[in-house]
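User: I would like to learn how to read a structure feature by feature. Please give me the general idea each time, then the case at hand.

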Amino acid sequence: MKTQVNLFRVVVLILVFFTTSIKATITNKILVSVGNEVITEYDAVEEITFLNIFSKEQVQQLGPKETKKIAIDSLIDEKIKLIALAMYPSLIIKERQINESLIKLARELKINNIENLKIFFNKKKYNFDKLIKKIELELKWNQLIYQLNFNKIVIDKEKIDKKLKQFIANQKQEEYLLSEILIESSNKNELENKSKDAIKSIELNGFGSTVMKFSSSPSSLTGGNLGWVTQDEISEYLLKYIKKTDVGKVTDRIYVPKGIMIFKIEDKRFVEKKISVEEKMNKLIELERNKQLKQFSSSYFKQIRNNIVVKYFNE
């Protein structure tokens, strides 16, 4: 009898060992190598969880294959930035900067403090420490882009003055609640085809899901959401497309230096001016500076990407 019990225990231990081994093999399976960095099956599963939180589950509408591709592409971008940042070890992010980003994120998710934000992510089964690492990565990347390009930023004073005069002259400003898709490609034919596919995807899957699949803008993590933007914060070229588009509709494809943009007009409203001319001027300068830094960021990322070997392994 005792021999049978011992035999049973051995069988159970063997089954547990093999089950654990199989699970570990699946989760640690390498899907992609990016230079010396690797992306595993487990990384992809975690990234899908992360993307679902910020896309309000819209990414799931694309189906498991597309969802996994988006997650892997997102992780590849992160690995490329990590490789680039490794060449600048002196970059340091302070705890205050991380906390400011966490507070901003909490506000976007309608959560009142960092502690509740942590509880929220734990409930969503996403590691909060990984979130902090993601934030630190983006802060370091932005710091690097600024250090490399701050002396190249050119503020067009005439353009700023013109917008300020419009601001002073108008008692009310029209605001737009916008979402965006930015499609980039160095190949003209590929850009055209991708933008046409994006239009079809919007019709079939909705704007939010299409953002996750096609947009290369940083806003893609939040479904392309830009929040409320006043008309004087939008270039005249883009504004003419936005103005003629009804609420709930999307603009025509808009050709810009970086590629093609598509906006969805979520809502419109008129608001009274509530800030001083000086505050408005500073805000317009900041917007222009950030716009140029985004362009520098995109250009530098492509430069780094072209020098890194990305290898996909059979799943």
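User: Is Lys283 buried, partly exposed or exposed, and what is its relative accessibility?

Analyst: First, the ground rules. This is a predicted model, in which local features need pLDDT of at least 70, side-chain atom pairs count only at pLDDT 80 or more, and totals for chains, interfaces and linings use all residues. Residues are numbered from 1 along each chain as its sequence is written, and side-chain values use heavy atoms, with hydrogens and water left out. Now the classes: buried means under 20% relative accessible area, exposed means over 50%, and partly exposed lies in between (1.4 Å probe, protein chains only). Lys283 has 39% relative accessibility, so it counts as partly exposed.

User: Which side chain does Lys283 meet in a salt bridge?

Analyst: The general idea comes first. Side chains of opposite charge can pair when their charged atoms come close. The cut-off for a salt bridge is a side-chain nitrogen of Lys or Arg within 4 Å of a carboxyl oxygen of Asp or Glu. Lys283 meets Glu233, at 3.0 Å from N to O. This pair links distant parts of the chain, 50 residues apart: Glu233 is in the loop between β4 (225–230) and α10 (236–243), and Lys283 is in helix α11 (residues 277–305). Helices (H or I, at least four residues) and strands (E, at least two) are DSSP runs, numbered from the N terminus. A network of salt bridges links Glu233 and Lys283 with Asp232 and Lys280.

User: How many salt bridges does the rule give?

Analyst: The count comes to 19. One of them joins Lys79 and Glu37, with the closest N and O atoms 3.6 Å apart. Here too distant parts of the chain are linked: Lys79 sits in helix α3 (residues 64–85) and Glu37 in strand β2, 42 residues apart. Lys79 is buried at 17% relative accessibility, whereas Glu37 is partly exposed at 30%.

User: Which residue forms a salt bridge with Glu41?

Analyst: Lys68 does, and the closest N and O atoms are 3.1 Å apart. Glu41 lies in helix α2 and Lys68 in helix α3, so the pair ties together parts that are 27 residues apart in sequence. Both residues are buried. For Glu41 the relative accessible area is 17%.

User: How do I read a sheet? What is the strand order in the three-stranded open sheet?

Analyst: Start with the pairing rule: two strands pair if DSSP finds at least two bridges between them. In this open sheet the order is β2-β1-β7, with antiparallel pairing. β2 and β7 (310–312) are at the edges with a single partner strand each, so one side of each has no neighbour in the sheet. Neighbouring strands are turned by 20° against each other on average, direction ignored. That angle is taken between axes, which are lines fitted to C-alpha atoms (for helices over the stretch in contact); angles run from 0 to 180 degrees between N-to-C directions. Strand β1 (residues 30–34) pairs with β2 over four bridges.

User: How many bridges join β3 and β6?

Analyst: There are 12, between strand β3 (residues 172–183) and strand β6 (residues 259–272), in the antiparallel sense. Look for Ile181, which stands opposite Ile262 in β6. Strand β5 (residues 254–256) also runs antiparallel to β6, joined by three bridges. Ile254 has Met261 as its bridge partner. A hairpin of two residues connects β5 to β6.

User: What caps the N-terminal end of helix α5?

Analyst: Asn113 does: a side-chain oxygen lies 3.2 Å from the backbone nitrogen of Glu115, and the helix covers residues 114–123. Just after α5, Lys125 takes a positive phi of about 65°. Lys125 is in the loop between α5 and α6 (128–149) and is exposed at 72% relative accessibility.

User: Where is Lys110 found, and what is its phi?

Analyst: Lys110 is in the loop between α4 (95–108) and α5. Its phi is positive, about 60°, although Lys110 is not a glycine. Lys110 is exposed, at 77% relative accessibility.

Key
Polar contact = N/O pair within 3.5 Å; in protein donor to acceptor, adjacent residues only side chain to side chain.
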